[in-house]
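Biologist: Could you take me through this structure, please? I would like to understand it piece by piece.

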Amino acid sequence: RERREVERAAQLRKVLTRLGPAYIKLGQALSIRPDLLSPVAMVELQKLCDKVPSFDSKVAYQVICDELGIGSAYDVFGEN
C-alpha cells in the first residue's frame, strides 16, 4: 500500500511539473499542508521547491509579448 502511495505522489508531482509554473507553485504551496495531503505526498511535492526544471526566458518573454500585443517585453519592463 505504501509503495502505491509513493507512486501516486510521484505521479502528482510529474503532472504538476508538466502543467507548468503556475501548477508548480500550487504544488509548492500544497507541500506544506498536512491538513490536505499525506506525509508521503508532502515529501514528494517538496521536491518542487528545489528540483524544478528551468523555464526558458525566451519563451516567457514571447508569451508576455503575445499576451500584451507588444513587440518587445523590454518596452514594458526595460530600464529607462
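Modeller: Let us begin with Ser 54, which lies in the loop between α3 and α4 (57-68). Please keep in mind that this is a predicted model.

Biologist: Is Ser 54 buried or exposed?

Modeller: Ser 54 has a relative accessible area of 73%. Exposed means over 50%, so Ser 54 is exposed.

Biologist: What is the separation between Ser 54 and Pro 21?

Modeller: Their C-alpha atoms are separated by 9.4 Å, although Ser 54 and Pro 21 are 33 residues apart along the chain.

Biologist: How confident is the prediction?

Modeller: The average pLDDT of the protein is 88, and 96% of the residues score at least 70.

Biologist: Where is confidence highest, and where is it lowest?

Modeller: It is highest in α3, at a mean of 94, and lowest in helix α5 (residues 74-77), at 74. Where pLDDT is low, the predicted coordinates should not be read in detail.

Biologist: Let us turn to α3, then. Which of its residues are buried?

Modeller: The buried residues of α3 are Ala 41, Met 42, Glu 44 and Leu 45. They cover an arc of only 165° around the axis, which puts them on the same side of α3.

Biologist: What covers them?

Modeller: The cover of these buried residues includes α1 and α2. On the other side of α3, Pro 39 and Val 43 are exposed.

Biologist: And Val 40, what does it touch?

Modeller: Val 40 is also found in helix α3. Not counting residues up to four places away in sequence, Val 40 touches Glu 5, Val 6 and Ala 9. With a relative accessible area of 22%, Val 40 is partly exposed.

Biologist: How far apart are Val 40 and Asp 56?

Modeller: From C-alpha to C-alpha, Val 40 and Asp 56 are 30 Å apart in space, and they are 16 residues apart in sequence.

Biologist: Which residues form the largest nonpolar core?

Modeller: That core has 8 residues: Ala 9, Leu 16, Ile 24, Leu 37, Ala 41, Met 42, Leu 45 and Leu 48. Two or more residues come from each of α1 (2-19) and α3. The most come from α3, which gives 3 residues.

Biologist: Why would such residues gather?

Modeller: In soluble globular proteins, nonpolar side chains tend to be buried together.

Biologist: Which residues are in contact with Met 42?

Modeller: Leaving aside neighbours within four places in sequence, Met 42 is in contact with Leu 30, Ser 31, Ile 32, Arg 33, Pro 34 and Leu 37.

Biologist: Where is Ser 31 placed?

Modeller: Ser 31 is in the loop between α2 (21-30) and α3 (39-46). Its relative accessible area is 0%, so Ser 31 is buried.

Biologist: What does its side chain reach?

Modeller: The side chain of Ser 31 reaches the backbone oxygen of Gln 28, at 2.6 Å. Ser 31 also touches Met 42, Leu 45, Gln 46 and Cys 49, again not counting residues up to four places away in sequence.

Biologist: You mentioned Gln 28. Which residues of α2 are buried?

Modeller: In α2, the buried residues are Ile 24, Gly 27 and Gln 28. Seen down the axis of α2, they fall within an arc of 100°, so they line one face of the helix. These buried residues pack against α1 and α3.

Biologist: What is on the other side of α2?

Modeller: Ala 22 and Lys 25 are exposed there.

Biologist: A change of topic: how many disulfides are there?

Modeller: A search of the whole structure finds 0 disulfides. As for individual cysteines, Cys 49 counts as partly exposed, at 46% relative accessibility, whereas Cys 65 counts as buried, at 8%.

Biologist: Which residues are in contact with Ile 70?

Modeller: Ile 70 is in contact with Cys 65 and Val 76, leaving aside its neighbours within four places in sequence. Ile 70 is found in the loop between α4 and α5, and its relative accessible area of 24% makes it partly exposed.

Biologist: Finally, what about Leu 19?

Modeller: Leu 19 has its place in helix α1 and is partly exposed, with a relative accessible area of 48%. Leu 19 and Pro 34 are 15 residues apart in sequence and 23 Å apart in space, C-alpha to C-alpha.

Terms used. Residues are numbered from 1 along each chain as its sequence is written. This is a predicted model: local features need pLDDT of at least 70, side-chain atom pairs count only at pLDDT 80 or more; totals for chains, interfaces and linings use all residues. Side-chain values use heavy atoms; hydrogens and water are left out. Helices (H or I, at least four residues) and strands (E, at least two) are DSSP runs, numbered from the N terminus. Buried means under 20% relative accessible area, exposed over 50%, partly exposed in between (1.4 Å probe, protein chains only). A polar contact is a pair of N or O atoms within 3.5 Å; within protein, one must be able to donate a hydrogen and the other to accept it, and residues adjacent in sequence count only if both atoms are side-chain atoms. Contact means heavy atoms within 4.5 Å. A nonpolar core is a set of buried Ala, Val, Leu, Ile, Met, Phe, Trp, Tyr and Cys residues joined through side-chain atoms within 4.5 Å. pLDDT is the predictor's confidence in each residue, from 0 to 100. A disulfide is a pair of cysteine sulfur atoms within 2.5 Å. The arc is that of the directions from the helix axis to the C-beta atoms.
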